[in-house]
Amino acid sequence: MSATLASQVAAGEVVERPASVIKELIENSLDAGAKSIHVEIRQGGSALIKVTDDGAGMSEEDALLCIQRHATSKLKNVEELFAITNLGFRGEALPSIASVSRFKLSTRTHEALEGCELLVHGGIAHEPRASGLPPGTSIEVSELFFNTPVRRKFLKSNETESAHIEHQIRLHALAFPHVRFSYKRDGQTIFDWYASHDDQARIASIMGTGTAESLLPIPETIGPGMCVKGFLQPLTEARRSKKSQYIFLNNRPIDDQFVNRAVRDGYGGLATGLYPALFLHIEVEPSLVDVNVHPSKKEVRFRRQNDVAATIIEAINLALQAPISAKSAPSQPLQFEPKDQDLVSIKQTPTKEETTSTVQIEKPELSTKQAPTPIQFAKPTLRPLPARQSKLDLADRNESTKDVINQHPTSTLPNGFVYLGQLHQTWPMYESPEGLVIMNPKAARERIIFEELRQLDKTNTPSQQLLSPIIIDLDPRDVATIKAMSKHIEASGIHLTPFGNNTIRIEAIPAMIEPSDTKQFFIELIDKLSKSTQMRANTSVAYEQFISELAKKSAQQEQINPSLYPQILGRLMQCEVPYCTPQGKPTLIHYSLADIKRKFGQS
Ligand code: ADP
Ligand code: MG
């Protein structure tokens, strides 16, 4: 098999369409340390693809080498194959591309006085020529697939190929915000994204400010040999398509099932078919990941899968639980004002510092760009969990559990809200100043209970003594989980004593749990806790995760009287993160007037 033919065969793998050429060329530019990359195409890339960078450039010798197969400069021995940090390393891309196109390489190192130009036509190289050039590299690929007509026929319309190319450049631009990317299509500049050290600014220029504004930062989360960070939207903003989810592993876009599942779990595992925008950057020690399980490198294999999943889940949980930061909030905060005298006035800001009796809580999701004035909500009653002694008998407990949600049943709706009725006897609907709001009462209660638990003194969660303690036999791994979590379990009002090997005795449980459900509640809780390997005792994350589980369980058990819906909505609006449960499930669905008009074709 001739070298050219071998390259053409390899090209079948590497060069699928113009966008894959762009991908290989941009990766090479990034590997060469480029700070600015310019892409130009004509006719969907089939007439011309040109990528110009200001990276390290090549000597004439290297330029000649790089168009030969397996002439990578990035891999010196077999060990390195297992510790790859560069984007490319197989030395296959350039010869492959050159074998199916008219190829021109112009390059100059920063030290050299002049550069060189190299032409390859259908895999046949011409003599290099000296040429005056700026430092860096420019590669022109003309008439892609001119000598493989069947492949050329498979190209889609120019629009489709251009769309793939643009998507490809976006991926790189999101992964490398500190690199400038510009793009010209058929002579017209489509974008020019300047280098930025602010990742959110780069996202804003690529995805639009609307998306960027609704993002919550994912705090840098460290796991064993890895680190996760980025931005995400809460589930309430989710779409049905995965198009706005961008996941990068060591700066390479991936679409890996295992990672995708961890992301879903991070959102509470409930988000099947829902995809909030996500910009997730995962850095993993190269020795802990194999990126070569799939030719397109979109699927990867981790050596320590569980650590990876746990770190991703923890990072997403942290992002969803953090108070909405000023940065990600819209410019127009909503104002909450006390209206009725008898309503408890709570002075609360995201920083929990008292200012005035006017409460300003930033609520990005309900504010639309069109609303010029802040929306006024009445200040509804805040009903904290009752402060109670830890020993209560059963009857006493049943009373006070109800009063958690039965207080002030006449409480009013937030200002500007009108109750419309109940959808399928399940979901109350409200007219809001900006459109239509549908509430999920259980999810709302989950959020409220969670925030109330969080505010309580952690060692003083209301607890009830069981009349007859419950004995449970457990798997040794469950017992290990319980031991690791014992501090948090105790703090949440669950009192356990060991009762022989792998058997425990439950003596008291949180006040809001129905005693007859103790066993089921506890087993479910432990299952959940042992599955989430991010549970590390002593971290506040573990505690948050724990109380979020607790909140979920107690909300599930509550019988909510519909007359309490207004109060729940009001209370929900006072939460730090009102629009989703601690695990990311939406509490409210909002249809803005603009959305509704758009759907009816009225703009
Ligand atoms: P790989 O990227 O897998 O090494 P390629 O065929 O993509 O293989 O590139 C071959 C080699 O050519 C690279 O290893 C690098 O040394 C050199 N090269 C390619 N593109 C550039 C560029 N834009 N700037 C500097 N060197 C480059
Ligand atoms: Mg390469």
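1. Starting with helix α11 (residues 305-321): at 1.5 Å a residue its 17 residues should span 24 Å, and the end C-alpha atoms are 24 Å apart, which agrees. The expected span is 1.5 Å times one less than the number of residues; helices are DSSP runs of H or I of at least four residues, strands are E runs of at least two, and both are numbered from the N terminus. Of the 17 residues in α11, 13 are buried, so the helix is largely enclosed by the rest of the structure. Buried here is under 20% relative accessible area (1.4 Å probe, protein chains only).

2. A word on the basis: this is a predicted model, with local features needing pLDDT of at least 70 and side-chain atom pairs counted only at pLDDT 80 or more. Residues are numbered from 1 along each chain as its sequence is written, and side-chain values use heavy atoms.

3. On to the cores, meaning sets of buried Ala, Val, Leu, Ile, Met, Phe, Trp, Tyr and Cys residues joined through side-chain atoms within 4.5 Å. The largest has 52 residues, with Phe103 and Phe181 making the most contacts inside it. It draws at least three residues from each of domain 1 (3-195) and domain 2 (215-327). Apart from this core lies another of 30 residues, including Phe258 and Phe302.

4. Now the strands, which pair if DSSP finds at least two bridges between them. Strand β2 (residues 48-53) runs antiparallel to β1 (residues 36-42), joined by six bridges, and also pairs in the antiparallel sense with β7 (residues 136-142) over six bridges. Thr52 is the bridge partner of His38 and stands opposite Ser138 in β7.

How values were computed: Chains lettered and ligands numbered in written order. Buried < 20%, exposed > 50% of the residue type's maximum accessible area, 1.4 Å probe, protein only. Domains from an automatic or database assignment.
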